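Welcome! Below are a few exercises, each with a worked solution. Have a look at the structure first, then try each task before reading on.

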Amino acid sequence: MNVVEPGSAGASLFSRVCAILMRPRETWDLIDAETPQISELYKSYVAPLAAIPAVCGMVGVFGLGGIRIFGVHLRPSLTGAITDMVVSYVLTLVGVYVLAWVIDELAPRFGAARGRTQAFKLAAYSGTAWWVAGIFRLIPAIGGLFMLLGGLYTLYLLYLGLPKLMKVDDDRATPYLAVSLVVTLVLTLLIGALSSCFTNYGGPLSIDT
């Protein structure tokens, strides 16, 4: 079964997002039985959803007048905002693949079944909550809080999906999950750090006091 049926990409994407967010247990069972190509899943699911926080972050920071920190108003340049968006988006796409690779490589250590496609489905679909929460980056004042909530729900989705997709035994599921969560956190921090190093909002900032 493919993730996206011909001629219904938008509807399939929306229905899958709603399903994984609202009925995660049942949806992971459906995902387990699916056999998409990794490239297909990238194109039809990861790529459009991962663009949400990147694009909304640019609009929120630049389009709505910049950010305010301790009474100092920072206004990035248009070039800087676009650069930050592109780098953040690319690093997110890379991060999904790296996380899937790590989960797959760790599988034998915990008696789980290796499967690059299974691991990629886990990494891709568990990121849904984080990416959807990126909509709130349109409002910088509250965007961080909602991104945090989205991140926590993403970890919960990973917790539910790991045993189903990687077939790990119950007595080994907890340490496998713990290592996977640590890797997820490290990758997230790494993506943020690399994005900051490459961009620093990508250009000059005008400061209004």
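**Exercise 1.** Which residues are buried in H5?

*Solution.* Before starting, note that this is a predicted model, in which local features need pLDDT of at least 70 and side-chain atom pairs count only at pLDDT 80 or more, while totals for chains, interfaces and linings use all residues. Residues are numbered from 1 along each chain as its sequence is written, and side-chain values use heavy atoms, with hydrogens and water left out.

Step 1: apply the cut-off, where buried means under 20% relative accessible area, exposed over 50% and partly exposed in between (1.4 Å probe, protein chains only).

Step 2: the buried residues of H5 are Gln118, Ala119, Phe120, Lys121, Leu122, Ala123, Ala124, Tyr125 and Ser126. With 9 of its 11 residues buried, H5 is therefore largely enclosed by the rest of the structure.

**Exercise 2.** Describe how H5 packs with H7.

*Solution.* Step 1: the axes lie 9 Å apart, at an angle of about 160°. Axes are lines fitted to C-alpha atoms, for helices over the stretch in contact, and angles run from 0 to 180 degrees between N-to-C directions.

Step 1: angles under 35 degrees count as roughly parallel, over 145 as roughly antiparallel, 65 to 115 as roughly perpendicular and the rest as oblique. H5 and H7 are therefore roughly antiparallel.

Step 2: list the partners in contact (heavy atoms within 4.5 Å). From H5, Gln118, Ala119, Lys121, Leu122, Tyr125 and Ser126 meet Thr154, Leu157, Leu158, Gly161, Leu162, Leu165 and Met166 of H7.

**Exercise 3.** At roughly what angle do the axes of H2 and H7 cross?

*Solution.* Step 1: helix H2 spans residues 24-33 and helix H7 residues 140-166. Their axes come within 10 Å and cross at roughly 45°.

Step 1: H2 and H7 are therefore oblique to each other.

Step 2: on the H2 side, the contact is made by Pro24, Arg25, Trp28, Asp29, Ile31 and Asp32. H7 contributes Tyr153, Tyr156, Leu157, Leu160, Gly161, Lys164 and Leu165.

Conventions. Helices (H or I, at least four residues) and strands (E, at least two) are DSSP runs, numbered from the N terminus.
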